[in-house]
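This briefing covers one protein model, from its overall make-up to single residues. Please look at the sequence and structure first.

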Amino acid sequence: MQPRNMSMSGVVDLAAVKAAQEAKTKAEQARAEAARQGGAGAVSPADLVIDVDEAGFEREVLQRSAEVPVVIDFWAEWCQPCKQLSPVLERLAVEYNGRFLLAKIDVDANQMLMQQFGVQGIPAVFAVVAGQALPLFQGAAGEEQIRGTLDQLVQVAEQRFGLTGLVVDPDAEPGVQAGPAAAPAGPYDALLEAAVQALDAGDFGGAVQAYKNVLSDDPANSEAKLGLAQAELLQRVQGMDPQQVRRDGAEKPADAGAQIAAADLDLVGGHVEDAFGRLIETVQRTAGDDRDAVRRRLLELFEVVGTDDPRVVGARRALARALF
């Protein structure tokens, strides 16, 4: 594995956002069901801190990172700052109650892993989330800073990747984990699965209809609302000529239709801030029905990215300033 830095905000990936929302919903259901069943699938608090070597890295870190963020503590016996930091991380791993897993790697015994992560000095702390590595901090750090970093990591893992962590049972036997609890089937699972299959097959019209069928009975269904926004966006850009859309967007700055189309293309390409900025500027240039159409499309794109995303929060403020 070649680690890479991962931006805490990142660019929008429609497939990843869709998968993350589905994963988060099902993971939360499974977590709640496991707790209801008295800890089925739970781990002991002692299992939240593990020693990892090169042989077990793929199994203990990469594979586990698909269900829980894995924080990696690179340390050595001779490292005095490590002896101060490691106990804090171990205590917080238990305190966070399964929201992350702490993997301790002795650099003297695992030089290859140290090189792969580009560790220049220890202590060094990284994380792996859904197979993606990112640096957290290097050297001694205060507990307040550590907590802030961990809080952000947990938030990103939940919102971007649907990882709600492990169920912890104080009475569970260390080293023994029961099979995961099956997520209870929801009343709209069949319709939502049909929508996902339609998206995967490129049948965006079919996906739109499937999501609308769910929302007709359950208007507050968050998975269907997100899926519908994504499916409608993909349906809109499906027949576009990207070069023509880009050309019109550059040559017609006050044309609401041209800017809306270019913003859709921006978002699908992962250029979130460009899409938002384009439409906010168009709101400032237009009036009447054109302005309202641009505003509505911007609100739709907010739904695609996620209303809690920092870029959406910032764009909402900018939109308010442009309107008032």
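Predicted model: local features only at pLDDT ≥ 70, side-chain atom pairs only at ≥ 80, totals over all residues.

Residues are numbered from 1 along each chain as its sequence is written, and side-chain values use heavy atoms, with hydrogens and water left out.

**Overall make-up**

- The protein has 13 helices and five strands; helices (H or I, at least four residues) and strands (E, at least two) are DSSP runs, numbered from the N terminus.
- Of the 324 residues in the protein, 47% are buried, where buried means under 20% relative accessible area, exposed over 50%, and partly exposed in between (1.4 Å probe, protein chains only).
- Contacts (heavy atoms within 4.5 Å) between residues at least 6 apart in sequence join residues at least 24 apart in 73% of cases.

**Packing of H3 and H5**

- Helix H5 (residues 143-161) packs against H3 at an angle of about 45°, and their axes are 11 Å apart; axes are lines fitted to C-alpha atoms, for helices over the stretch in contact, and angles run from 0 to 180 degrees between N-to-C directions.
- H3 is therefore oblique to H5; angles under 35 degrees count as roughly parallel, over 145 as roughly antiparallel, 65 to 115 as roughly perpendicular and the rest as oblique.
- H3 and H5 have a right-handed crossing; a crossing is right-handed if the near helix is turned clockwise from the far one by less than a right angle, and left-handed if anticlockwise.
- On the H3 side the contact is made by Leu-85, Val-88, Leu-89, Arg-91, Leu-92 and Glu-95, and on the H5 side by Glu-143, Ile-146, Arg-147 and Leu-150.
- The contact of H3 with H5 has six nonpolar, no polar and four charged residues; Ala, Val, Leu, Ile, Met, Phe, Trp, Tyr, Cys and Pro count as nonpolar, Asp, Glu, Lys and Arg as charged, and the others, Gly among them, as polar.

**Packing of H9 and H10**

- Helix H9 (residues 242-251) and helix H10 (residues 256-268) have axes that come within 8 Å and cross at roughly 125°, so H9 is oblique to H10.
- The crossing of H9 and H10 is left-handed.
- H9 contributes Pro-242, Val-245, Arg-246, Asp-248 and Gly-249 to the contact, and H10 contributes Ala-258, Gln-259, Ala-261, Ala-262, Leu-265 and Asp-266.
- Six nonpolar, two polar and three charged residues make up the contact of H9 with H10.

**Aromatic rings**

- Six aromatic pairs are found in the whole structure; rings of Phe, Tyr and Trp (its six-membered ring) pair if their centres lie within 6.5 Å, with planes under 30 degrees apart counted as stacked, over 60 as edge-to-face and the rest as tilted.
- One of the pairs is Phe-117 with Phe-126, edge-to-face at 5.2 Å centre to centre with 75° between the planes.

**Two single residues**

- Trp-75 lies in strand S2 (residues 70-75) and counts as buried because its relative accessibility is 18%.
- Beyond four places in sequence, the residues that Trp-75 touches are Cys-82, Ser-86, Lys-104, Ile-105, Asp-106, Val-107 and Ile-122.
- Trp-75 and Val-125 are 50 residues apart along the chain, and their C-alpha atoms are separated by 9.0 Å.
- Val-94 lies in helix H3 (residues 80-95) and, at 40% relative accessibility, counts as partly exposed.
- Not counting residues up to four places away in sequence, Val-94 touches Pro-45 and Leu-48.
- Val-94 is 45 residues from Val-49 in sequence and 8.1 Å from Val-49 in space, C-alpha to C-alpha.
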